[in-house]
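Welcome! Please take a moment to look through the sequence and the structure shown here before reading on.

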Amino acid sequence: MAPLPVQPQPPPRLWRSPEPKRHYEVVIVGSGGHGLATAYYLARNHGIRDVAVLERGWLAGGNMARNTTIIRSNYLFDESAALYNHALDLWEQLPAELEYDFLFSQRGVLNLAHTEQEVRDSRRRVFANQLNGVDAEWVEPAEIAELCPILNLSEDIRYPVLGATLQRRGGIAKHDHVAWAFARKADEMGVDLIQGCEVTGFETDGDRVTGVQTSLGPIGAGRVALAAAGRTTLLTDTLGLRLPLQSHPLQALVSELLEPIHPCVVMSNHVHVYCSQAHKGELVLGAGIDTYNGYGQRGSVHVIERQMAAALELFPIFAQAHVIRTWAGTVDVTPDASPIIGPTPYENLFLNCGWGTGGFKATPGVGWVYAHTIATGRPHPLNEPYGLDRFTTGALIDEHGAAAVAH
Amino acid sequence: MLLIHCPWCGDRDETEFHYGGQAHVDYPDNPNDMGDADWAGYLFLRDNPRGLFHERWSHTAGCRRWFNVVRDTATNEIHPETAGKVAP
Ligand SMILES: Cc1cc2nc3c(=O)[nH]c(=O)nc-3n(C[C@H](O)[C@H](O)[C@H](O)COP(=O)(O)OP(=O)(O)OC[C@H]3O[C@@H](n4cnc5c(N)ncnc54)[C@H](O)[C@@H]3O)c2cc1C
Ligand SMILES: [Zn+2]
């Protein structure tokens with residue numbers, strides 16, 4: 001096995017902590033990866049630098065630092081493949097561009113198939129991916145054994161592994177470092193990153209938003225862009241704007257630090273667990289959302305029990321590992337398991353939400369298209385299909401299950 | 001793990017229940033007269049409050065009946081809905 005990589009050392013000071021100005025050309029609500037990437041591309045691609053990113057807590061303290069860091073683009077539908085693959089192209093060039101090694105590791109992602117139907121669905125997704133220029137392969141158990149020797153490939157388990165899709169370009173990255181990398185470059189270009197500043201409502205004038213009310217007082221804005229993940233509807237409710245979103249707890253857990261044993265990312269939709277080994281050595285495991293709505297940032301123990309039972313059957317070697325931490329984020333889920341990115345009935349208010357369980361992998365891609373939408377007032381071709389109107393027209397992008405993991 | 005009070009069986013573990021989302025979302029009286037926007041609203045728009053939420057649960061592993069509760073989505077504190085046992 002390869003030696004453990006050296007952890008990148010962040011520079012001593014990454015961004016300023018300015019007092020908020022009274023007015024900005026663009027105010028972004030939320031400094032998760034999405035808000036920060038959007039600010040970065042607003043400055044870099046569109047020359048818009050009079051930008052504030054307002055954060056109620058601390059920078060990247062939301063889902064950005066709670067996710068299981070899996071990056072892939074093997075989605076079934078054309079619209080999704082295009083958006084997530086755009087993000088993957090950007091991931092590959094970002095460490096050099098941001099001058100920050102956030103340990104993007106393209107160690108490959110296996111999505112297991114455990115039933116005949118899943119084999120057919122998975123092979124269909126491979127063909128669809130290939131037609132869309134997304135790297136994808138179907139691999140049989142013999143090859144899986146070479147890619148991930150610790151997987152239990154016995155035919156005698158309850159849900160034997162019948163094969164898997166493999167995306168070699170997929171992998172993981174250190175999520176908080178990604179946020180810090182974007183934050184530093186955005187800050188260098190003049191973006192104000194303001195922590196401890198909760199947005200509580202809006203100032204409006206007819207069909208325009210003129211500013212936001214915050215815990216640090218009112219701040220005027222030419223345009224307002226939401227990137228508030230699970231708390232989006234708390235803000236849009238204040239405008240009487242109803243969105244097709246439900247916020248749920250989504251949990252994950254890590255083991256103690258172990259020697260490198262888990263060479264790739266393994267995901268199973270059917271027994272529903274996904275697992276990789278972080279650079280430091282923890283096993284990182286996740287599963288599905290808790291069924292009920294919740295903002296408590298904690299979920300139910302039985303969800304974790306099931307996910308660990310599934311992991312143990314697939315990886316018997318984990319039996320001796322200790323769980324060190326469990327936690328939850330609040331994720332906003334849409335009826336078609338795809339995000340909403342685009343304009344609202346307010347001419348200068350924009351939405352980026354509904355990423356549910358899978359928005360980390362999109363971080364640079366969504367930053368790119370959202371910045372375009374905010375700068376030009378119209379969607380980029382890649383986010384055009386993701387408008388709010390799809391729930392009225394019926395042009396849903398229904399990635400439930402199709403996207404290789406149940407949501 | 002939530003401890004949920006079934007009006008017929010008493011306090012039981014969350015694992016015995018199935019979640020049904022927001023309560024009191026009635027099937028429209030005259031769906032044929034509705035425009036696309038209203039129909040989309042009925043199908044897809046639900047409240048998503050941080051705080052008290054009227055919601056449905058079904059005791060799938062027990063008596064299999066549906067009932068409503070009011071739960072605080074920030075604290076998970078659950079109160080039986082006062083307006084009667086039987087869900088609409
Ligand atoms: C346990 C878990 C595992 C996951 N695993 C993966 C994975 O493996 N791969 C993947 O692609 N995705 C994964 N995700 C999903 C991914 O984390 C999210 O989709 C993504 O982080 C959402 O975008 P964001 O970065 O903007 O969200 P966040 O980081 O949550 O950013 C939103 C920010 O807005 C702030 N905010 C909210 N309201 C206000 C307000 N009123 N005023 C000011 N600030 C506000 C919040 O404090 C927060 O910092 C996972 C999520 C969780 C919880
Ligand atoms: Zn009962």
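Predicted model: local features only at pLDDT ≥ 70, side-chain atom pairs only at ≥ 80, totals over all residues.

Residues are numbered from 1 along each chain as its sequence is written, chains are lettered from A and ligands numbered from 1 in the order in which they are written, and side-chain values use heavy atoms, with hydrogens and water left out.

**Around ligand 1**

- There are 36 residues around ligand 1, and A:E55, A:M64, A:T68, A:G359 and A:K361 come nearest; a residue counts as near if one of its heavy atoms lies within 4 Å of the molecule or strand.
- By class, this shell has 15 nonpolar, 15 polar and 6 charged residues (Ala, Val, Leu, Ile, Met, Phe, Trp, Tyr, Cys and Pro count as nonpolar, Asp, Glu, Lys and Arg as charged, and the others, Gly among them, as polar).
- α1 (33-46), β12 (246-257) and β16 (323-333) of chain A each supply at least two shell residues, and β12(A) gives the most, with 3 residues.
- Helices (H or I, at least four residues) and strands (E, at least two) are DSSP runs, numbered from the N terminus.

**Backbone atoms beside the ligand**

- An oxygen atom of ligand 1 lies 2.7 Å from a polar backbone atom of A:K361.
- A backbone N or O atom of A:N63 is 2.8 Å from an oxygen atom of ligand 1.
- For A:V199, a polar backbone atom is 2.8 Å from a nitrogen atom of ligand 1.
- On its own, ligand 1 has 1,000 Å² of accessible area, and the protein covers 96% of that (the areas come from the Shrake-Rupley method with a 1.4 Å probe).

**Helix contacts in chain A**

- The axes of α1(A) and α2 (residues 78-97) come within 15 Å and cross at roughly 80° (axes are lines fitted to C-alpha atoms, for helices over the stretch in contact, and angles run from 0 to 180 degrees between N-to-C directions).
- These two helices, α1(A) and α2(A), are therefore roughly perpendicular to each other (65 to 115 degrees).
- A:Y40, A:Y41 and A:R44 of α1(A) make the contact with A:L90, A:L94 and A:E97 of α2(A), where contact means heavy atoms within 4.5 Å.
- α2(A) also packs with α8 (residues 363-376) at an angle of about 110°, with their axes 7 Å apart.
- The residues of that contact divide into 8 nonpolar, 3 polar and no charged.

**Chain B**

- Chain B has 1 helix and 6 strands, running β-β-β-α-β-β-β from the N terminus on.
- Its C-alpha trace spans about 45 × 30 × 25 Å along its principal axes.

Definitions and conventions: Polar contact = N/O pair within 3.5 Å; in protein donor to acceptor, adjacent residues only side chain to side chain. Parallel < 35°, antiparallel > 145°, perpendicular 65-115°, else oblique.
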